[in-house]
Amino acid sequence: MQLNQGNEDVAHSDQPLKVGNIHISAPHVYGTALQALELQKGSPLSFLNIGSGTGYLMAIVSEIIGPTSLNFGVEIHSDVIDHCHSALEEWHNAKINSELARPHFEIVLGNGLCISANIGESIAGFDRIYVGAAIEREDLIKLVQLLSPGGILVSPGEYG
């Protein structure tokens, strides 16, 4: 079952939706996160989304920061990555101005807490990091190490 099937009665309510591993947060969570990320239109920022889920936030971020930015997602469930790729492809194909430069997305299977700050794109750090996955307060230290100087990390989670 896809997330958009059988949920029509709650499609416009401010609540999260979940079908199996596929989860989309309540709309107010995205609005709050976008505000906290302090994105600037057309800025060549690097964005890391830990627990990237459906890719909805990645699509919104790419619309704001544009095609010259880097947009990475890390997701722990392969079925969610498949859904995300499909949803992002459908979104891009449906865009009126789809002839414009396509935003760079890379979504990888893995645990975002296991990203090394010493290899790949992590060496330079990310300008913005959003954590949509459940993590412990102690784990934030690992993620802060992935920020570039002056970067912003946003996590909506509850910590014990």
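The model is predicted. Its open sheet has five strands in the order β5-β4-β3-β6-β7, and their pairing is parallel. The second largest pocket holds about 500 Å³ of space.

**The sheet**

- β5 (104-109) and β7 (147-154) stand at the edges. Each has a single partner strand, so one side of each is left without a neighbour in the sheet.
- From one strand to the next, the twist averages 15°.
- β3 pairs with β6 (residues 126-131) in the parallel sense, over four bridges.
- Phe47 stands opposite Arg128, a residue of β6.

- The elements that give two or more residues to the lining are β2 (22-24), β3 (46-50), α2 (56-65) and β4 (70-75).
- β2 supplies the largest share, three residues.
- By class, the lining has 14 nonpolar, 15 polar and two charged residues.

**Glu38**

- Glu38 is found in the loop between α1 (27-37) and β3.
- The phi angle of Glu38 is near 50°. That is a positive value in a residue other than glycine.
- Is Glu38 buried or exposed? Glu38 counts as exposed because its relative accessibility is 51%, and the cut-off for exposed is over 50%.

**Ala117**

- Ala117 is found in the loop between β5 and β6.
- Its relative accessible area is 25%, so Ala117 is partly exposed. That class lies between the limits of under 20% for buried and over 50% for exposed.
- Which residues does Ala117 touch, not counting residues up to four places away in sequence? They are Ser122, Ile123, Gln145 and Leu146.
- Ala117 and Leu143 are 26 residues apart along the chain. Their C-alpha atoms are separated by 8.8 Å.

Notes. Residues numbered from 1 in each chain as written. Predicted model: local features only at pLDDT ≥ 70, side-chain atom pairs only at ≥ 80, totals over all residues. Heavy atoms only, no water. 1 Å grid on protein atoms, 1.4 Å probe; cavity = no way out; pocket = protein on both sides within 12 Å on 5 of 7 lines; lining within 4 Å. Points joined across faces, edges and corners; volume = space filled by probe spheres on them. Nonpolar A, V, L, I, M, F, W, Y, C, P; charged D, E, K, R; others polar. Buried < 20%, exposed > 50% of the residue type's maximum accessible area, 1.4 Å probe, protein only. Pairing = 2+ DSSP bridges. Axes fitted to C-alpha atoms, helices over the stretch in contact; angles between N-to-C directions. Contact = heavy atoms within 4.5 Å.
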